[in-house]
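Here is my note on the model. Please read it with the sequence and the 3D view side by side.

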Amino acid sequence: MAAERMFVLNNLTKIYGEMKALSSLSLVVEKGETIALIGPSGAGKTTLLNLLANTIKPDEGTISVDGKPMQEYKSTKQFASKVGIIRQQFDLIGQLEVIHNVLAGRLKDWSFFKSMLSLVIPQEKNLAVNALDRVGLSNKVFEKAMNLSGGEQQRVALARILIQKPEAVLADEPVASLDPARAEDILYMLTKLAAEEQQTLIASLHSVSYAKKYFKRIIALKSGKVYFDLPAEEVTEELLSSLYYLEEDKRHE
(Lines give C-alpha, C1' and ligand atoms only; values in the text may rest on other atoms or scores of the structure.)
Protein backbone atom coordinates (compact mmCIF):
# COMPACT_ATOMS: atom_id res chain seq x y z
CA MET A 1 0.00 0.00 0.00
CA ALA A 2 2.84 2.41 0.92
CA ALA A 3 4.23 2.05 -2.61
CA GLU A 4 1.07 3.73 -3.93
CA ARG A 5 1.62 6.82 -1.78
CA MET A 6 3.33 9.78 -3.38
CA PHE A 7 3.45 11.97 -0.27
CA VAL A 8 2.92 11.23 3.40
CA LEU A 9 2.94 14.29 5.69
CA ASN A 10 2.98 13.78 9.42
CA ASN A 11 2.38 16.62 11.89
CA LEU A 12 4.04 19.34 9.79
CA THR A 13 4.60 22.67 11.46
CA LYS A 14 6.26 25.68 9.84
CA ILE A 15 6.81 28.94 11.72
CA TYR A 16 7.86 32.32 10.35
CA GLY A 17 8.72 34.60 13.26
CA GLU A 18 5.62 34.65 15.44
CA MET A 19 3.33 33.28 12.72
CA LYS A 20 2.48 29.61 12.35
CA ALA A 21 2.12 29.11 8.60
CA LEU A 22 1.30 25.43 9.13
CA SER A 23 0.29 23.76 12.37
CA SER A 24 0.50 19.97 12.96
CA LEU A 25 -0.71 19.22 9.44
CA SER A 26 -0.99 15.59 8.31
CA LEU A 27 -1.96 14.34 4.84
CA VAL A 28 -1.62 11.34 2.55
CA VAL A 29 -1.48 11.82 -1.22
CA GLU A 30 -1.83 8.74 -3.39
CA LYS A 31 -0.01 8.39 -6.70
CA GLY A 32 -1.97 9.72 -9.65
CA GLU A 33 -4.28 11.97 -7.63
CA THR A 34 -5.26 15.43 -8.84
CA ILE A 35 -5.64 17.75 -5.87
CA ALA A 36 -6.56 21.42 -5.60
CA LEU A 37 -5.47 23.38 -2.54
CA ILE A 38 -7.84 26.21 -1.70
CA GLY A 39 -8.27 28.61 1.19
CA PRO A 40 -7.98 32.26 2.17
CA SER A 41 -4.80 34.24 1.60
CA GLY A 42 -2.26 33.30 4.26
CA ALA A 43 -3.83 29.88 4.84
CA GLY A 44 -0.52 28.09 4.18
CA LYS A 45 -0.98 26.85 0.61
CA THR A 46 2.33 28.14 -0.78
CA THR A 47 4.19 27.06 2.35
CA LEU A 48 2.81 23.54 1.95
CA LEU A 49 3.87 23.38 -1.71
CA ASN A 50 7.33 24.69 -0.89
CA LEU A 51 7.72 21.99 1.77
CA LEU A 52 6.68 19.32 -0.74
CA ALA A 53 9.11 20.81 -3.28
CA ASN A 54 11.90 20.59 -0.67
CA THR A 55 12.74 24.28 -1.05
CA ILE A 56 12.09 24.90 2.66
CA LYS A 57 12.25 22.59 5.68
CA PRO A 58 9.57 22.01 8.32
CA ASP A 59 10.22 23.11 11.90
CA GLU A 60 8.47 19.98 13.10
CA GLY A 61 7.09 16.84 11.47
CA THR A 62 8.13 14.59 8.61
CA ILE A 63 7.54 14.21 4.88
CA SER A 64 8.07 11.08 2.83
CA VAL A 65 8.14 11.10 -0.96
CA ASP A 66 7.40 7.85 -2.79
CA GLY A 67 7.97 5.88 0.40
CA LYS A 68 11.29 7.53 1.24
CA PRO A 69 11.96 10.20 3.89
CA MET A 70 12.55 13.59 2.28
CA GLN A 71 15.99 13.97 3.89
CA GLU A 72 17.22 10.79 2.18
CA TYR A 73 17.10 12.49 -1.22
CA LYS A 74 20.70 13.64 -1.20
CA SER A 75 20.84 15.62 -4.43
CA THR A 76 18.69 18.14 -6.27
CA LYS A 77 18.97 16.06 -9.43
CA GLN A 78 17.72 12.94 -7.68
CA PHE A 79 14.75 14.79 -6.19
CA ALA A 80 13.90 16.40 -9.55
CA SER A 81 12.99 12.97 -10.93
CA LYS A 82 10.31 12.75 -8.22
CA VAL A 83 8.93 16.28 -7.92
CA GLY A 84 8.68 19.27 -10.26
CA ILE A 85 7.12 22.67 -9.61
CA ILE A 86 5.40 25.28 -11.75
CA ARG A 87 5.07 28.74 -10.24
CA GLN A 88 2.87 31.74 -10.91
CA GLN A 89 5.93 33.66 -12.17
CA PHE A 90 6.77 30.84 -14.65
CA ASP A 91 10.50 30.83 -13.65
CA LEU A 92 11.69 31.39 -17.22
CA ILE A 93 14.82 33.23 -18.33
CA GLY A 94 13.39 35.92 -20.56
CA GLN A 95 16.53 36.56 -22.61
CA LEU A 96 16.85 32.89 -23.58
CA GLU A 97 15.00 31.26 -26.44
CA VAL A 98 12.04 29.05 -25.63
CA ILE A 99 13.95 25.88 -26.52
CA HIS A 100 16.62 26.59 -23.88
CA ASN A 101 13.98 27.27 -21.22
CA VAL A 102 12.31 23.96 -22.03
CA LEU A 103 15.58 22.03 -22.06
CA ALA A 104 16.23 23.20 -18.49
CA GLY A 105 13.95 20.29 -17.61
CA ARG A 106 16.74 17.95 -18.70
CA LEU A 107 19.46 19.39 -16.43
CA LYS A 108 18.87 16.68 -13.84
CA ASP A 109 19.96 14.09 -16.42
CA TRP A 110 22.85 15.97 -18.02
CA SER A 111 26.47 16.46 -17.07
CA PHE A 112 27.76 19.99 -16.48
CA PHE A 113 29.55 19.91 -19.84
CA LYS A 114 26.43 18.85 -21.72
CA SER A 115 24.40 21.54 -19.97
CA MET A 116 26.89 24.23 -21.00
CA LEU A 117 27.11 22.90 -24.55
CA SER A 118 23.33 23.00 -24.86
CA LEU A 119 23.35 26.77 -24.38
CA VAL A 120 25.28 27.00 -27.66
CA ILE A 121 23.91 23.99 -29.52
CA PRO A 122 20.60 22.76 -28.05
CA GLN A 123 20.98 19.12 -27.02
CA GLU A 124 18.15 16.61 -27.42
CA LYS A 125 16.30 19.23 -29.44
CA ASN A 126 13.62 16.77 -30.55
CA LEU A 127 12.46 16.28 -26.96
CA ALA A 128 11.89 20.01 -26.57
CA VAL A 129 10.18 20.37 -29.94
CA ASN A 130 7.85 17.46 -29.20
CA ALA A 131 6.97 18.89 -25.78
CA LEU A 132 6.29 22.31 -27.28
CA ASP A 133 4.09 20.68 -29.90
CA ARG A 134 2.04 19.02 -27.13
CA VAL A 135 1.39 22.40 -25.52
CA GLY A 136 0.65 24.12 -28.84
CA LEU A 137 3.84 26.15 -29.17
CA SER A 138 5.71 24.38 -31.97
CA ASN A 139 5.96 27.72 -33.79
CA LYS A 140 7.75 29.46 -30.87
CA VAL A 141 10.83 27.23 -30.53
CA PHE A 142 13.38 29.99 -31.16
CA GLU A 143 11.36 32.93 -29.82
CA LYS A 144 12.78 34.69 -26.76
CA ALA A 145 10.70 33.85 -23.70
CA MET A 146 10.33 37.53 -22.81
CA ASN A 147 8.38 38.12 -26.04
CA LEU A 148 5.65 35.61 -25.18
CA SER A 149 2.30 36.34 -23.56
CA GLY A 150 1.64 35.16 -20.01
CA GLY A 151 -0.36 32.18 -21.26
CA GLU A 152 2.39 31.21 -23.69
CA GLN A 153 5.03 31.48 -20.96
CA GLN A 154 3.03 29.16 -18.74
CA ARG A 155 2.83 26.69 -21.64
CA VAL A 156 6.63 26.82 -21.89
CA ALA A 157 6.75 25.95 -18.18
CA LEU A 158 4.43 23.00 -18.89
CA ALA A 159 6.71 21.83 -21.71
CA ARG A 160 9.70 22.05 -19.37
CA ILE A 161 7.90 19.86 -16.83
CA LEU A 162 7.04 17.40 -19.62
CA ILE A 163 10.67 16.73 -20.39
CA GLN A 164 11.70 16.80 -16.73
CA LYS A 165 9.27 13.89 -16.24
CA PRO A 166 8.80 14.09 -12.45
CA GLU A 167 6.40 11.67 -10.81
CA ALA A 168 4.59 14.55 -9.09
CA VAL A 169 3.87 18.09 -10.30
CA LEU A 170 3.23 20.95 -7.90
CA ALA A 171 1.62 24.10 -9.30
CA ASP A 172 1.60 27.23 -7.14
CA GLU A 173 -1.20 29.54 -8.35
CA PRO A 174 -0.43 28.59 -11.98
CA VAL A 175 -3.19 30.77 -13.47
CA ALA A 176 -3.34 33.69 -11.02
CA SER A 177 -1.85 36.15 -13.52
CA LEU A 178 -3.93 34.98 -16.51
CA ASP A 179 -7.30 36.12 -17.82
CA PRO A 180 -10.20 33.61 -17.46
CA ALA A 181 -9.99 32.21 -21.01
CA ARG A 182 -6.25 31.53 -20.77
CA ALA A 183 -6.62 30.24 -17.22
CA GLU A 184 -9.13 27.63 -18.38
CA ASP A 185 -6.83 26.69 -21.24
CA ILE A 186 -3.83 26.19 -18.93
CA LEU A 187 -5.77 24.20 -16.33
CA TYR A 188 -7.26 21.94 -18.98
CA MET A 189 -3.80 21.34 -20.41
CA LEU A 190 -2.15 20.89 -17.01
CA THR A 191 -4.64 18.25 -15.85
CA LYS A 192 -4.71 16.53 -19.25
CA LEU A 193 -0.91 16.22 -19.42
CA ALA A 194 -0.71 14.97 -15.83
CA ALA A 195 -3.23 12.26 -16.65
CA GLU A 196 -1.37 11.27 -19.82
CA GLU A 197 1.94 11.12 -17.96
CA GLN A 198 0.35 9.36 -14.95
CA GLN A 199 1.63 12.06 -12.63
CA THR A 200 0.37 13.17 -9.25
CA LEU A 201 -0.79 16.79 -9.46
CA ILE A 202 -1.27 19.26 -6.60
CA ALA A 203 -2.20 22.85 -7.46
CA SER A 204 -3.03 25.83 -5.26
CA LEU A 205 -5.85 27.95 -6.63
CA HIS A 206 -7.79 31.06 -5.66
CA SER A 207 -10.75 30.05 -7.82
CA VAL A 208 -13.03 27.49 -6.23
CA SER A 209 -14.90 27.01 -9.51
CA TYR A 210 -11.66 25.99 -11.27
CA ALA A 211 -10.82 23.64 -8.38
CA LYS A 212 -14.20 21.90 -8.65
CA LYS A 213 -14.11 21.72 -12.44
CA TYR A 214 -10.59 20.38 -13.01
CA PHE A 215 -9.60 18.48 -9.85
CA LYS A 216 -10.96 15.35 -8.21
CA ARG A 217 -9.96 16.08 -4.61
CA ILE A 218 -10.06 19.42 -2.83
CA ILE A 219 -8.07 20.17 0.31
CA ALA A 220 -8.99 23.41 2.04
CA LEU A 221 -6.52 25.08 4.38
CA LYS A 222 -7.37 27.71 6.94
CA SER A 223 -4.97 29.20 9.51
CA GLY A 224 -2.36 26.58 8.65
CA LYS A 225 -4.63 23.58 9.23
CA VAL A 226 -6.73 21.29 7.06
CA TYR A 227 -10.26 22.71 7.16
CA PHE A 228 -11.73 20.00 4.95
CA ASP A 229 -10.46 17.30 2.59
CA LEU A 230 -13.14 16.00 0.24
CA PRO A 231 -13.91 14.73 -3.26
CA ALA A 232 -14.66 17.77 -5.41
CA GLU A 233 -18.31 16.83 -5.86
CA GLU A 234 -18.87 16.83 -2.08
CA VAL A 235 -17.68 20.40 -1.53
CA THR A 236 -20.80 22.43 -0.72
CA GLU A 237 -21.51 26.16 -0.77
CA GLU A 238 -22.00 26.01 3.00
CA LEU A 239 -18.48 24.63 3.49
CA LEU A 240 -17.02 27.25 1.20
CA SER A 241 -18.85 30.09 2.93
CA SER A 242 -17.49 28.88 6.25
CA LEU A 243 -13.98 28.50 4.83
CA TYR A 244 -13.80 32.07 3.56
CA TYR A 245 -15.80 33.63 6.41
CA LEU A 246 -13.80 36.27 8.29
CA GLU A 247 -14.24 37.13 11.95
CA GLU A 248 -13.88 40.78 10.88
CA ASP A 249 -17.13 40.43 8.91
CA LYS A 250 -18.98 39.55 12.09
CA ARG A 251 -17.54 42.51 14.00
CA HIS A 252 -18.68 44.91 11.32
CA GLU A 253 -22.27 43.67 11.13
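1. Terms and ground rules. Helices (H or I, at least four residues) and strands (E, at least two) are DSSP runs, numbered from the N terminus. By that count, the protein has ten helices and ten strands. This is a predicted model: local features need pLDDT of at least 70, side-chain atom pairs count only at pLDDT 80 or more, and totals for chains, interfaces and linings use all residues. Residues are numbered from 1 along each chain as its sequence is written, and side-chain values use heavy atoms, with hydrogens and water left out.

2. Overall shape. The C-alpha trace spans about 60 × 40 × 35 Å along its principal axes.

3. Accessible areas come from the Shrake-Rupley method with a 1.4 Å probe; for residues, only the protein chains shown count as cover. The accessible surface of the protein is about 12500 Å². Carbon and sulfur atoms own 52% of that surface. Now sort the residues: buried means under 20% relative accessible area, exposed means over 50%, and partly exposed is in between (1.4 Å probe, protein chains only). What share of the 253 residues is buried? The figure is 48%.

4. Contacts along the chain. A contact means heavy atoms within 4.5 Å. Take the contacts between residues at least 6 apart in sequence: 67% of them join residues at least 24 apart.

5. Charges. Lys and Arg count as positive, Asp and Glu as negative; His and the chain ends are not counted. Each charge is placed at NZ of Lys, CZ of Arg, CG of Asp or CD of Glu. The protein has 31 positive and 32 negative charges. Their mean positions are 6 Å apart.

6. Aromatic pairs. Rings of Phe, Tyr and Trp (its six-membered ring) pair if their centres lie within 6.5 Å; planes under 30 degrees apart count as stacked, over 60 as edge-to-face and the rest as tilted. This rule finds two aromatic pairs. One of them joins Tyr73 and Phe79: the ring centres are 5.5 Å apart and the planes stand at 80°, so the pair is edge-to-face. Tyr73 is buried, at 9% relative accessibility. Phe79 is buried too, at 6%.

7. Are they buried or exposed? Thr47 sits in helix H1 (residues 45-52). Its relative accessible area is 11%, so Thr47 is buried. Beyond its neighbours within four places in sequence, Thr47 contacts Lys14, Tyr16, Ala21, Leu22 and Ile56. Thr34 belongs to strand E3 (residues 34-38). At 14%, Thr34 is buried as well. Residues up to four places away aside, Thr34 touches Leu201, Phe215, Lys216 and Arg217.

8. A loop residue. Glu234 lies in the loop between strand E10 (225-231) and helix H9 (237-244). Glu234 is partly exposed, at 44% relative accessibility. Glu234 and Arg217 are 17 residues apart in sequence, with their C-alpha atoms 9.3 Å apart in space.

9. Backbone angles to check. Most residues other than glycine have a negative phi. Ser24 is not a glycine, yet its phi is positive, near 50°. Ser24 is in strand E2 (residues 19-30) and is partly exposed at 47%. Asp66 also has a positive phi, about 55°. Asp66 is found in the loop between strand E4 (60-65) and strand E5 (68-69). Its relative accessible area is 21%, so Asp66 counts as partly exposed.

10. Ile186 is in helix H7 (residues 180-196). At 1% relative accessibility, Ile186 is buried. Leaving out neighbours within four places in sequence, Ile186 has contacts that include Gly151, Gln154, Arg155 and Leu158. Ile186 and Leu221 are 35 residues apart along the chain, and their C-alpha atoms are separated by 23 Å. Ala181 is in helix H7 too. Ala181 is exposed, at 61%. The C-alpha atoms of Ala181 and Ser118 are 35 Å apart, with 63 residues of separation along the chain.
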